[in-house]
Amino acid sequence: MKFSTDKKFAKSLDLKDPLKDFKKQFLIPGKGKNSQIYFCGNSLGLQPVTAKKYIETELKDWAELAVEGHFKGTNPWADYHKLFRKPLAALCGALPEEVVAMNSLTANLHLLLVSFYWPRERRVKILTEAGSFSSDIYALTSQIEIRGFDPAECLVEVGPREGEFAIRDEDIISKIEELGDELALVMMSGVNYYTGQAFDMEAIAEAAHNAGAYVGFDLAHAIGNIPLNLHEWQVDFATWCSYKYLNAGPGATAGLFVHSENFHLPRFAGWWGNDEKERFLMKPEYEPSIGAEGWQLSNAPVLPMAVLKASLDIFQKAGLKKIFKKSEQLTAYLEYLIKIKCTPAQKEKPYKIRIITPTEPSRRGAQLSIYFEKGDGKRLVQQFAKEGIILDWRSPNVLRVSPAPLYNSFTEVYTFVEKFAEFCEYIN
Ligand SMILES: Cc1ncc(COP(=O)(O)O)c(C=O)c1O
């Protein structure tokens, strides 16, 4: 699409936007003219208007049916987790039996590492991207230690080349090839939280398998943000949280994916992972359910999961194709405006910025990371907040801007860039 710097152009895109009415499905802080421009959906998504109603349905059943709600409720709780098979499969590009909503991201990652990290003989190493989220590093390090190995030797990172911020997929693949039979697992982000870079998960999965290793992804910043095709890409496992692009609320119930070829793997056991026909027989023998649901430990936390259901129903109504198409346009428009309006003509300005998120649409989602080469960018977050524009800062040097296709508009992107240019004194 060819963009223009004219504000009327932003308005015309909003008028044509097939998703424009979806904004009304979310609670946006601030009222009327003072409602916020919220570009922080990559950190915590907004509350669906229907969240309360969905929770109230379950509270009402609890009040009126108590224990009978497990089997006679509006959405019988004993089977509540099954409501998420179809929508999560669509988001992941998976078979319905390959996904399950459960736990939190880091708890799931540990459960998956129990199944997929099998250090043996020479094959002991885990490859990850440099600059991945701290919680993932802690999980990987502790898993290596608990198996009696040394993280300094076993955890290998691939970083960007000198002077670059994004990590080249080809460098990840060469490192996989170089590690060869020392590699037990590739475990990394699908989209990096700091740079916003989306990795070529299919090519990485192929290289890992060629080396004889398993491959898994942290999809915290990918699910609901970029198209995924985990089954066809032959990804072995993945996990995600649901409070970012999935808008399911703080600490929302997360999820995991296990490829059908791995359903046989051993795992930590709990009664909800047991075959449902046997679940209430209370036998000591464990007969795992076939599929990702066989990785569950406990019965579903229905109240928080009700919000996830409210949110996924919105995704289903809006349609993933439309969401991803608008997202690509919004981010491209944001990048276009920043490049034109925030490039100082004079060299001596208080701030010097550069966008470190890759430009190619296939290598990013709904986030641009603006790196401050000069000036206190962190201060700007407060300045923007006073104007009702919500962004976030990630140490050491990045301002993250994330226009969400379900509730952000092209005009909001325009308003942000105008303010940004003003705050950075880029107006000539
Ligand atoms: C990329 C990434 N991985 C892991 C986590 C940790 O998630 P949790 O605290 O839900 O386990 C986060 C949290 O924001 C994240 O962004």
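## The ligand and its shell

The model is predicted: local features need pLDDT of at least 70 and side-chain atom pairs count only at pLDDT 80 or more, while totals for chains, interfaces and linings use all residues. Numbering runs from 1 along each chain as its sequence is written, and side-chain values use heavy atoms, with hydrogens and water left out.

Which residues are around the ligand? They are Leu-105, Thr-106, Phe-133, Asp-136, Asp-218, Ala-220, His-221, Tyr-243 and Lys-244, where a residue is near a molecule if one of its heavy atoms lies within 4 Å of it.

## Polar contacts and burial

An N or O atom in the side chain of Thr-106 is 2.5 Å from a ligand oxygen. For Tyr-243, a polar side-chain atom lies 2.7 Å from an oxygen atom of the ligand, and for Lys-244 the value is 3.0 Å. A polar contact is a pair of N or O atoms within 3.5 Å; within protein, one must be able to donate a hydrogen and the other to accept it, and residues adjacent in sequence count only if both atoms are side-chain atoms.

The ligand taken alone exposes 390 Å², and the protein buries 83% of that. These accessible areas come from the Shrake-Rupley method with a 1.4 Å probe; for residues, only the protein chains shown count as cover.

## The seven-stranded sheet

An open sheet of 7 strands runs in the order β4-β10-β9-β8-β7-β5-β6, with mixed pairing. Because β4 (99-101) and β6 (155-158) stand at the edges with a single partner strand each, one side of each is left without a neighbour in the sheet. From one strand to the next, the twist averages 15°. Helices (H or I, at least four residues) and strands (E, at least two) are DSSP runs numbered from the N terminus, and two strands pair if DSSP finds at least two bridges between them.

Strands β9 (residues 237-240) and β10 (residues 255-258) pair in the antiparallel sense over 4 bridges, and Phe-237 has Val-258 in β10 as its bridge partner. Helix α4 (residues 85-92) packs on the sheet and touches β4 and β9; its direction makes about 120° with that of β4. Contact means heavy atoms within 4.5 Å; axes are lines fitted to C-alpha atoms, for helices over the stretch in contact, and angles run from 0 to 180 degrees between N-to-C directions.

## The four-stranded sheet

Another open sheet has 4 strands in the order β11-β12-β15-β14, with antiparallel pairing. Its edge strands, β11 (352-355) and β14 (392-394), each pair on one side only. β11 pairs with β12 (residues 368-374) over 4 bridges, and Lys-374 in β12 is the bridge partner of Lys-352. Helix α12 (residues 377-386) packs on this sheet, touching β12, β14 and β15 (398-401).

## Two backbone details

Pro-396 sits in the loop between β14 and β15, and a cis peptide bond with omega of about 5° joins Ser-395 to Pro-396. Ala-66, in the loop between α2 (51-65) and α3 (69-72), has a positive phi near 45°.
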